[in-house]
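Biologist: I am new to this structure. Could you take me through some of its residues and strands?

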Amino acid sequence: MAEETKNINYPLEKIRNIGIAAHIDAGKTTTTERILYYTGRTYKIGEVHEGTAVMDWMEQEQERGITITSAATTCFWKDCRINIIDTPGHVDFTIEVERSLRVLDGCVALFGAVEGVEPQSETVWRQADRYHVPRIAFINKMDRTGAEFEKNIQQMRDQLGAHPIPLQLPIGREDKFKGIVDLVEMKAIIFHDENLGAKFDIVDIPADYVEQAKKAREFMIEKVAEHDDELMHKFIEGLEPTIPELKGAIRRGTNALKITPVLVGSSLKNKGVQQLLDAVVDYLPSPKEVPNVKGINPNDDTEIERKHSDTDPLSCFAFKIASDKFVGSLTYIRIYSGILTSSSYVYNPRTQRKERLGRLLLMHANKREEIEEAHAGNICAAVGLKDVKTGDTLCEEANPIVLESLFVPEPVIWMAIEPKTKADRDRMSEAVQRLVSEDPTFRVRTDAETTQTLVGGMGELHLEIKIDIMKREYNVEVNVGKPQVAYKETINGTAEAEGKFIKQTGGRGQYGHACLRVEPMERGKGIEFVNETVGGSIPREYIPAVEDGVIDACTNGILAGYPVVDVKATVFDGSFHEVDSSEIAFKMAGILGFKEAFRKAKPVLLEPIMLVEVIVPEEYMGDIIGDLNSRRCIIQEMSNRGHLKVIKGLVPLSEMFGYATAIRSLSQGRANYTMEPNSYQEVPKQIAEKIMAG
C-alpha cells in the first residue's frame with residue numbers, strides 16, 4: 001500500500017489524462033484491458049496474475065449491466081500517472097463521449113485496420129475538435145484479414161481533415177503481422193507470439209523494409225518540421241535531428257493540434273500496446289501544457305481564469321455521476337486548480353449551497369483506494385455529494401467560478417412508461433430520478449393531459465437500455481408505450497395581440513392588460529422576451545409577471561400542445577388599475593396575449609431531422625435507396641468505402657421507427673446504419689394536419 005500512496009501526488013508534468021475513443025467494435029475495451037494488464041503488472045496494483053484478474057474484474061462489471069469503474073481508471077507507466085477514461089462508441093450515448101472529452105487533456109483515437117474511418121469515428125473526431133483535444137491515432141487489428149495501413153491514413157486525411165503522420169510501420173499484415181518499425185528510433189520491434197506479445201525484441205530493421213522506412217522517416221521529419229522552426233532549420237541544412245529533438249517537435253505539433261501521430265498494432269494479440277503507452281507519455285500533454293481553464297465569476301459575470309496549480313483557488317468539474325451498489329452515488333471530478341480534501345466543504349454555484357464531501361477515492365485498475373486529498377490536474381471520485389448534477393462546477397465559496405458546462409442535446413424521442421404493480425410505482429420514481437441525475441440526455445416529464453410519465457432520450461436504443469437498467473439494477477418492471485417524436489412549435493410571421501384579464505367578483509377585483517408582439521427567430525435561439533413599454537403604461541414591478549406568463553404559455557403550444565421555440569415576444573403597451581392590478585393578473589394577461597398573437601402569426605410544427613449514414617453492399621443499394629425515399633429522406637451524398645457503398649441523408653425521425661428491422665430484411669442482414677440528430681425543420685402541411693388531429 002505504501003508503494004501506491006506515494007504515487008498520489010505526482011508532479012503535474014508527470015500526469016496524463018487521456019481517453020480512448022472510437023467507433024463501436026474498434027477495440028476500445030480490449031485496448032483499455034491490455035493497458036491495465038501491462039501497467040498493473042509493472043506496478044503490481046493488486047495481484048494481477050498474467051492479466052487474469054483484470055479480465056475477471058471486467059466480466060463482473062459487465063454482469064452488473066454498466067461499467068462503473070471504467071469511468072476513470074488510474075494506472076502508472078514509466079514514471080507517469082495515467083488517468084484513463086473509457087468512452088462508449090454508440091451515437092445514442094454521445095453525452096458520455098462529450099463529457100469525457102470535456103475533462104481530458106489528450107485522446108487516443110482507435111481505428112480498425114479493416115474498417116478504417118467509420119461514421120462514429122467522425123462524430124468523435126468532431127467532438128474532440130470542439131474541445132481542442134490533442135490526439136494520437138492507433139490503427140488496431142492489423143492481424144485481421146483485409147487489414148490496411150496506408151489506405152486508413154488516406155481516409156483520415158480525406159474524411160476527418162486530419163494531418164496524420166505515421167511514427168511506425170507494420171511488419172507484415174493479416175496473419176503475418178509480427179512487428180513494427182519505429183521510425184523515430186529507426187529500430188524494428190518483433191513480438192514473441194508465444195507469450196501474447198508481452199515480450200519483444202528490438203532489432204535492426206529487416207532488409208526488405210529499410211528503403212520504405214527511410215522514405216517514411218523523411219516524410220515524418222518533413223511534416224513535423226513544417227510546424228516547428230528548430231526542426232525546419234535543421235531540415236533545410238540537411239542535418240539529422242537527434243531523437244529527443246524529434247520527440248520534442250512531435251509533442252509540440254500534437255499539442256498544437258497541427259499533427260496526429262499514427263501508431264499501429266493489435267490489442268487483442270498484445271502487439272504495440274506498450275509502444276502506445278510510451279507515445280501517450282512522450283506526445284500527449286500534461287495538465288501543465290494545456291491552456292489555463294476559463295470560467296465566469298457568478299457574482300458579476302466577468303471572465304476569470306485559473307492556472308493548473310495547487311496554489312490557485314479550488315475549481316473542479318463534476319463530469320459523471322454513477323450509482324454504485326456499495327457506496328451509493330459516486331461523483332467523478334476533474335480538479336483544475338487547488339487541492340480537494342476529503343471531509344471538506346465545497347461550494348456549488350448552481351445551487352448556491354455548500355456541500356460536505358465524504359470520502360475521496362482513487363479508481364485503480366481493479367480496486368479503489370481511499371485518499372485524503374487530490375491535487376490539481378487529477379481525476380478522482382467523491383462519495384457523499386447529494387445535490388450535484390453532471391456539468392456542475394465545485395469551488396470555494398470565497399472564490400466562486402462557473403466553468404463552461406457541457407453541450408447537452410435535447411431529447412428527440414419520448415416514450416410513455418407505467419409501473420406494472422403498485423410496488424413498482426414507488427421504486428420507479430426513485431429509479432428514474434437516479435438515471436436522470438446520471439445522464440443529462442435522459443429526461444422525464446408528466447403529460448399534462450394524460451398524467452402519464454414520459455421519458456425522453458437520444459434514440460430508441462438509448463431508452464431501451466435505460467428501461468433494461470431499471471429492470472436489472474432497480475428491480476422495477478414497467479409497461480412501455482410506443483415511441484413518440486419530440487415535435488416543437490414556432491411561427492413564420494409577426495403578429496400583435498392584447499391580453500386582458502379582468503375579473504370583478506365583489507370586493508377586490510383582478511385587472512391585467514398587456515399588448516404583445518411576437519416574431520420568429522432563427523432556429524436554435526429559444527425564447528426571447530423584451531420590454532418596450534414606455535411612460536409607465538405597465539408598472540415596472542409587473543413586467544416580470546408578464547414574462548412569466550409568456551414562458552408559461554411556451555411550455556405547451558397552440559397547435560398540438562408541443563413546446564414553443566425560436567420566438568421573440570415583446571410587450572409594448574398595456575394598462576393597469578390602481579387597486580385591482582396584481583402579479584397574477586398580469587401573468588394571465590401575458591399568457592392570453594401571447595397565445596392570441598401566436599395564433600395569428602402563422603404557427604407551424606417542427607420535427608427532428610436525423611442524419612443517417614447507411615453502409616451497404618452494392619447489390620442491395622437500389623432497395624435501400626428506394627426505402628429511404630419512401631421515408632421522406634433527402635439524400636445528401638453517396639460514396640465508396642472499400643467494396644461497400646455509403647449513403648448519407650437527412651430523414652425525419654418519425655419515419656425511422658423500426659428501421660433496424662427493415663434494413664436487415666432489405667439487405668439480408670448485410671447493411672448497417674448510424675443515425676444522429678441533425679436539426680429541426682418544418683413538418684409538411686398534410687402530415688402536420690394528421691399530427692394535430694391525432
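What follows is a set of questions and answers on single residues, a helix and some strands.

Modeller: This is a predicted model, in which local features need pLDDT of at least 70, side-chain atom pairs count only at pLDDT 80 or more, and totals for chains, interfaces and linings use all residues. Residues are numbered from 1 along each chain as its sequence is written, and side-chain values use heavy atoms, with hydrogens and water left out.

Biologist: Is S266 buried or exposed?

Modeller: S266 belongs to the loop between β11 (260-264) and α10 (273-283); helices (H or I, at least four residues) and strands (E, at least two) are DSSP runs, numbered from the N terminus. Buried means under 20% relative accessible area, exposed over 50%, and partly exposed in between, with a 1.4 Å probe and protein chains only. The relative accessible area of S266 is 1%, so S266 is buried.

Biologist: Which side chain does the side chain of S266 join in a polar contact?

Modeller: A polar contact is a pair of N or O atoms within 3.5 Å; within protein, one must be able to donate a hydrogen and the other to accept it, and residues adjacent in sequence count only if both atoms are side-chain atoms. Contact in general means heavy atoms within 4.5 Å. Leaving aside residues up to four places away in sequence, S266 touches several residues, including F138, N140 and F177. Its polar contact of 3.0 Å is with the side chain of D143.

Biologist: Why does R517 count as buried?

Modeller: R517 is in strand β31. Its side chain has a polar contact of 3.0 Å with that of E532, and among the other residues that R517 touches are T494, K568 and F572. R517 counts as buried because its relative accessible area is 19%.

Biologist: Against which elements do the buried residues of α14 pack?

Modeller: Helix α14 (residues 583-600) has 18 residues and reaches 26 Å from its first C-alpha to its last, close to the 26 Å expected at 1.5 Å a residue; the expected span is 1.5 Å times one less than the number of residues. Its buried residues include A585, F586, I591 and F598. They pack against β29 (488-491), β30 (495-503), β31 (510-520), α13 (543-555), β33 (567-575) and β34 (603-617).

Biologist: Which residue just after α14 takes a positive phi?

Modeller: The helix covers residues 583-600. Just after α14, a positive phi of about 50° is found at K602.

Biologist: Which residue in the turn between β8 and β9 has a positive phi?

Modeller: Two strands pair if DSSP finds at least two bridges between them. Strand β8 (residues 179-182) is covered on both faces, with G179 and V181 buried on one side and I180 and D182 on the other. It runs antiparallel to β7 (residues 168-171), joined by four bridges, and also pairs with β9 (residues 187-191) in the antiparallel sense over four bridges. β8 and β9 form a hairpin with four residues between them, and the turn residue with a positive phi of about 55° is M186.

Biologist: What is the bridge partner of Y345 in β18?

Modeller: Strands β17 (residues 345-348) and β18 (residues 353-356) pair in the antiparallel sense over four bridges. They form a hairpin, and Q352 in its turn has a positive phi of about 55°. In β18, Y345 has as its bridge partner R356.
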